[in-house]
Amino acid sequence: MTPTAPWTITSVREALQAKKISARELTADFYARIDGRNLELNAFLTLCPERAYAQADRVDAGIAHGAALPPLAGVPVAVKDVLSTRGVRTTCGSRILENYIPAYDATAIERLEAAGAAILGKTNCDEFAMGSSNENSAYGPVRNPVATDRVPGGSSGGSAAAVAAGLALVALGTDTGGSIRQPGAYCGIPATMPTYGRVSRYGLIAFASSLDRIGPFTTNIADAAAVMAVLAGHDPNDSTAAAVPVPDYASEIERPVQGLRIGVPEDYFGEGIDPEVKGKVEAGIALLERLGCRRVSLKMPHTSYAIATYYIVATAEASSNLARYDGVRYGLRVPGATLMEMYRKTRERGFGPEVKRRIMLGTYALSSGYYDAYYLRAQKVRALIARDFAEAFDKADAIITPTSPTPAFKLGEKTADPLAMYLADIYTVTGSLAGVPGISVPCGKTKAGLPIGLQIFGPHFGEARMLQLARAFEKAGGFTI
Amino acid sequence: MKISREDVLRVAELAHLDLSPEEVELYGSQLDEILSYIGKLQELDVTNIEPMTQSLPREFAPERRGGSAHAGSPSGVAAEGESNLREDVVEPCTIGGEVLAYAPDAAKPFFRVPKVIER
């Protein structure tokens, strides 16, 4: 096997079974790739080779004994540094957790390892997952492997870059307002956000608890289905992890898409969209129509209120969730003469500018005298946005939109203007607020060679339908349209 | 929308952030711009709209009353009156030592902090 072998979860499995490669060799191959490119990309913050090789050796021992291979046996995985890994530093891209070592594993991590995956390390991200470009990391930005003068998107920029550059076969990201789908679009790979509650959030360090989701970056749709099969399901440690049965994604995604109704909301193709993005997404929709899907025009009238709603709901929850960083129990502590002085100095030094900005905004929106005007109103508009989706899914089996209005922008281009940065999430936050699943799939490139993403939303717990369309799109050549 | 310097200082106080004078200035103007944008939410008539307090529709979000697990439900979804919540049974915590070992300043079995009680 050459280091450039285009691995998939299936080809890894076959190669291991045929003894063409050992899990240890495969792990070493991926660490060699990381050695070759991480200095340039800054995708990984922490590597955990002892843990990865120990897992690879368990897989190899199983093969030697003729045991049945677990579903992700030997698959090299990268994990966004907001997911707790026992004994492995977990920073959230923040100075305040620079030396934080969790005492337990997130459920998603436990499930991946129980399925045989080898965790290579922890990936860079915007601080506490707050950002759309990965430039808010305390450990420096990640570079887009497709065009290294550009951002990889955010907040899961390190995970997206790692998979796009071939430094991991699969990576976990988290998505609160677009943080899986938008970097997937910018780096040109499939990026899956499951339904709220489909995957346990236990051990995910919280940003906005009513919005946070965990999902995979992969190089193809069958791999996304395979990883979702491992991650999905109820967890006694997360009461919001829904007890809804998990379908057999691997077989569901191969079903024909003929006759499916694809809804196209006019509201997503208006002002602010890059003409090349619009052109490719339209071509992608036309391809799905040629596959027998029926195009349905939709109106989702509250779309233009989604960013405003999101930045109240998410920051309000963040201001509450981030109150726990006070220097007492974990992470950074800056000494102070009094307890209050210690809290304030620790938080002032430990948090970066975007996190402070969002804590301020969220605290303001929840503060006495402003709660009704901001937070309560935003929760009501959130209900209207969810209603837009419910009505759309009466008319359509899935909704197709662009993932982001533009391709990846240049490093530094939007850092001085927080509001302009927020607007990069305009097509993704809607589904986040509604709780529905969404996937970004590659949909060709601009003339300059920058990847474009097409987004597919499914109804609640409709991951199978969403992945089925993504798979048909992939098979028909949509990724390189 | 105009956010005053006093507003910024009041919010920073609530959020336990010790902002520098430059930060007070910067966040004041940025919050002003962001809140002006968010002001567009006032355009909508939300009378009689219930605020969305659960991220999933009711059919997927079972009532949070007590009761047994959902295993008996044919759909696998907890039926009304059942709960996603575990039985309220004490389980041992085995990671206390590790948690304290990684803490900034621990004196087993406590976290040590500056004195908070005056004699």
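Helices, in what follows, are DSSP runs of H or I at least four residues long, numbered from the N terminus. With that in hand, let's walk through this predicted model, starting inside chain A.

Take helix H7 of chain A, which covers residues 221–231. Eight of its 11 residues are buried, so the helix is largely enclosed by the rest of the structure. If you'd like to find some of those buried residues, they include Ile221(A), Ala225(A), Met228(A) and Leu231(A). Have a look at the two ends as well. Just past the helix you come to Gly233(A), which takes a positive phi of about 135°.

Next, hop along to helix H10 of chain A, where you'll find Asn321(A). Its relative accessible area is 11%, and the cut-off for buried is under 20%, so Asn321(A) counts as buried. Leaving aside residues up to four places away in sequence, Asn321(A) touches Ala206(A), Phe207(A), Ala208(A) and Ser209(A).

Now for the place where the two chains meet. Chain A and chain B bury about 6,100 Å² between them, and 66% of that is on carbon and sulfur atoms. On chain A's side, the residues that lose the most area to chain B are Arg344(A), Met360(A) and Arg377(A), which together make up 13% of what that side buries. In terms of residues, the contact draws 79 from chain A and 59 from chain B.

Arg344(A) makes a salt bridge with Asp18(B), their closest N and O atoms being 3.3 Å apart. Several helices of chain A each supply at least two residues to the side that touches chain B, among them H10 (306–321), H11 (339–350) and H12 (353–366). The largest share of that side, 13 residues, comes from H13(A).

A loop of chain A gets involved too. Ala103(A) sits between strand S2 (76–80) and helix H4 (107–114) of chain A. Is Ala103(A) buried or exposed? With a relative accessible area of 5%, Ala103(A) is buried. Setting aside residues up to four places away in sequence, Ala103(A) touches Arg86(A) in its own chain, plus Ile95(B), Glu98(B) and Val99(B) across in chain B. Within chain A, the C-alpha atoms of Ala103(A) and Thr85(A) are 7.7 Å apart, although 18 residues separate the two along the chain.

Let's finish with chain B itself. From the N terminus on, its elements run α-α-α-β-β, which gives three helices and two strands. Of its 119 residues, 33% count as buried. Among contacts in chain B between residues at least 6 apart in sequence, 14% join residues at least 24 apart. The accessible surface of chain B comes to about 8,100 Å², with 54% of it belonging to carbon and sulfur atoms.

One last stop is on that surface. Val113(B), Val116(B) and Ile117(B) make a nonpolar patch of about 270 Å². Val116(B) belongs to the segment after strand S2 (110–111) of chain B. Since the cut-off for exposed is over 50%, Val116(B) counts as exposed at 51% relative accessibility.

Conventions: Residues numbered from 1 in each chain as written. Chains lettered and ligands numbered in written order. Predicted model: local features only at pLDDT ≥ 70, side-chain atom pairs only at ≥ 80, totals over all residues. Heavy atoms only, no water. Patch = residues over 30% accessible without salt bridge, like charges linked within 9 Å, V, L, I, M, F, W, Y side chains within 5 Å. Areas by Shrake-Rupley, 256 points an atom, 1.4 Å probe, with all protein chains shown as cover. Salt bridge = Lys/Arg side-chain N within 4 Å of Asp/Glu carboxyl O. Buried < 20%, exposed > 50% of the residue type's maximum accessible area, 1.4 Å probe, protein only. Contact = heavy atoms within 4.5 Å. Buried area = accessible area lost by both parts, 1.4 Å probe.
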